Structures are given as structure tokens and as C-alpha cells.
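Dear colleague,

I am passing the structure below on to you, and my notes on it follow. Please read them with the model open beside you.

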Amino acid sequence: MHLIDHERLEDSLNDIGTACAQMLSEREPSFSLPQPFYNDERFFALDMKEIYGKEWLFAGMTCEVPKKGNYMTMNIGDNPIVIVRGDQDTVHGFHNVCRHRGSKLCLEEKGKVARLVCPYHQWTYELNGKLLYAGTDMGSDFDMTAYGLKPIHVRTSGGFIFVCISSDEPPAFDEFLETLDHYLEPYDMENTKVAVESNIVEDANWKLVLENNRECYHCNGAHPELLNSLIEFDDTDDPRATDDYKALVARKQADWSAQSVPFELKRIDRRNRLTRTPLLNGVVSMTMDGKPASKKLMGRLQSADMGSLRILHLPNSWNHFMGDHSIVFRVLPISAQKTLVTTKWLVHKDAVEGVDYDPAEMRRVWDATNDQDRKLAENNQRGINSKAYQPGPYSKTYEFGVIEFVTWYSEQMQKNLSNDAPDLKLAKG
């Protein structure tokens, strides 16, 4: 039996960190990344340590844990976590690992419990993570207080749940959370529900999934269903913006102002972006016919014609909020060339399935779009795996969003590696 040499394992990751930092410092800023960033499992391990292991991630919606005892689970790489609502309406987050022998604690994706009970030996925890029961065989000197569940950082805002699994102080986040609350106030997100959900696994690196999302250069040739409602750009300063689009924006912004609904483009660092933009003229929702998917509007909104509030949160989420329903997307890496993309369609909690909305019709546009994007990302991955691949130039006009994402990734990776410098033996100069 061979024991893992943790020091050698860490040295190997440190060596990759040094190589990664060197490549990022030498890369052309408006070009795609070198091949190992997209297909090398060692670079993937670095992504999971330095990005997904240290940054704030979108986990789910507060409406998914509406009452005390409701929980949801997810995996961040090899780290299973559980999110549960406890006393005083507090949303807690823990590593989903029993403190006895490390068994996974909650086995379902969602559920409701009075206590968190390990299925292996029935160690039992309060919803705040405190160990309540460990059996009588642990001995009279066993210190129950030393074996509570290991917590993770959790923040909620605008109906979103964000987590950070870093054991250190997490990155500053207050400005984005306050902005998110402001933009989503009209939606009353605590009083929504998930109408339908999809989970697809794409055989592509998570960064390719994000790159594909950050541009609509490909939309005209790939997304006929989406372009029934979506305008390819969302900013009047976009070089592609037409005079008709600018006039439409002015009319809709006047309507939204009259309803006290935020719409201004807001950027917070490179990782967060919020803006409300019109859909095609005469279209009110991302449906095949452009009509509302739900008869019951969200929150305090009085009109279905609210365009789309687009919210970006790197590294793992983009979202569309309309007057009648919302769509949230979550990206979770599985391996260097495999990524889980979760899509959730939300409606007012009182909307009745079959009366106010038809789930099949609600999801048609984005089911088609997600599948089309999956094929694009997978074909991208197959080409990148070739020995012929070398980084190629992004269009500064059509792919500026991709440039922003890759720049954020490069800067954040180098920053986090630099903070690890004593261990990583980073090259100087």
C-alpha cells in the first residue's frame, strides 16, 4: 500500500503554478490562452485551487431553501458542500463532510431535514453545524464542541446565494452585493420558485464555456431560436449599435424610469456587470413567440415588457431577468475537458404550472441554445487539443467580452499565485 506523498504533490502543483504564471505574463493580451489552460489536468487542478477555491461562486437561489431545514448540495471540484437554512432565517454553508470518518453527509441534491444526520454512523449535527450526537462509544472524554461541521463563507443578495470555500478571508464583495440588491429589488426574489431546471455536461473546459457566453459573434449562425428575442448587443456604446437600437433603448428607459426600475450599465471590476437592455421591438420575453412565458409577473413589476436585466458574475454565472420570468446559469468545472452547466427558470411563487405557465414552452429557447452552445464548445475543445493549435486573436469589436473575461482570469490567477509566492517559488522578473 502506497501513501500519498503530500509534499511531492504540492511541489508538483507549485511547479505548474510557476509555469502558469510565466505563460500568463508572456501571453498576448487579446489572444486566446496557451493550450495547457484548456486541456491539461494539472492546469485544471490549479484552476480549482486558485480560482474556484478562492473566489466567490454563484451556488443557487435563496428560494431553493425557503424554510428552516431546506438544504441544497453541490460539488466544487472534489469539495462537496451543503447549503441549509437554519434559525433566524440564516443561510449556512458547510463542507458536506462528516467529522467522524469523512463520509459525505447529505446525499440528495435538495431536501428538508430537522437535523443533518450522517448516513454512515448517524453522527447528528444542528443546522448551524454544531455536533449534537456522536453515539456513546466515543468515550467520556470526547469533546463534542471540537467536531462541528467545517463552515464555508456564504453571502446572499437579491435572491442569490454565493459561496467561497477559501480557508482564508474571502475577496471583498460588498459593492456587488449592494448593487445586486438594488437591481433585483423590483423582482422580490424571496417570493419566487424554480419552475424548471436543466443540467448538461459539456465536454469542454469551463473557460471555453465562459468564452462562448461572452460573445454573440457566433449567434447569427448558431442561435435562430435565441435571436427571435435577443438583440446581439446590450450597450449603446457598442460599435455595432444601430440608430434604431439607440432609439428603442431611449423609449424603454423612459418606461423603466417611470416604474423606478434600475437599468443603467454598471461594472464592478472586470468580473461583475449588470445592465437592462430591450429585447427586439415588440418582444417581451425569451420565448419562441416573444410573448410572456408566465401570466403572473415577478415582484412589483406592472409590465412584462421589461427587456432583459443581464447580470454577469465571473467565474461561473450569467443571468437574464425579464418581467415574467428569470433564467439563471451556473458553471461548475468537472475536469479539464468536462463542465456542468445548470440552467434554472424562475417564476413568481404563486404562478401555477399549467395555468400561468407551461414549463416545456418556457424552456424551449434556452434548451435549444444550450445544446447549440454545447456543440460549439465541444468542437472548440477538439480543435484546441490538436497539435496545430496556437493562441489566436480575438476581435476587439465583436469579442471584447471574451477579452474582458480572459484578462480577468489571467490577472486573478497571477494575483492568487503571487499571494502563494513563498510556496510556489514564482520566478522573479
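What volume does the largest pocket have? The volume of the largest pocket is about 710 Å³, where a pocket is, on a 1 Å grid over the protein atoms alone, an open set of points where a 1.4 Å probe fits, with protein on both sides within 12 Å along at least five of seven lines, and a volume is the space filled by probe spheres set on the points. Of the 41 residues that line this pocket, those closest to its centre are Asn213, Arg214, Glu215, Asp234 and Arg310; a lining residue has an atom within 4 Å of a point.

Please bear in mind that the model is predicted, that local features need pLDDT of at least 70 and side-chain atom pairs pLDDT 80 or more, while totals for chains, interfaces and linings use all residues. Residues are numbered from 1 along each chain as its sequence is written, and side-chain values use heavy atoms, without hydrogens and water.

Helix 8 (359-384) is among the elements that supply at least two residues of the lining, and with five residues helix 8 gives the most; helices (H or I, at least four residues) and strands (E, at least two) are DSSP runs, numbered from the N terminus.

Elsewhere, four strands form an open antiparallel sheet in the order 4-3-2-5, with strand 4 (91-95) and strand 5 (110-112) as its edges; strands count as paired if DSSP finds at least two bridges between them. Strand 2 (residues 70-76) is joined to strand 5 by three bridges, and asparagine 70 has lysine 112 of strand 5 as its bridge partner.

With best regards
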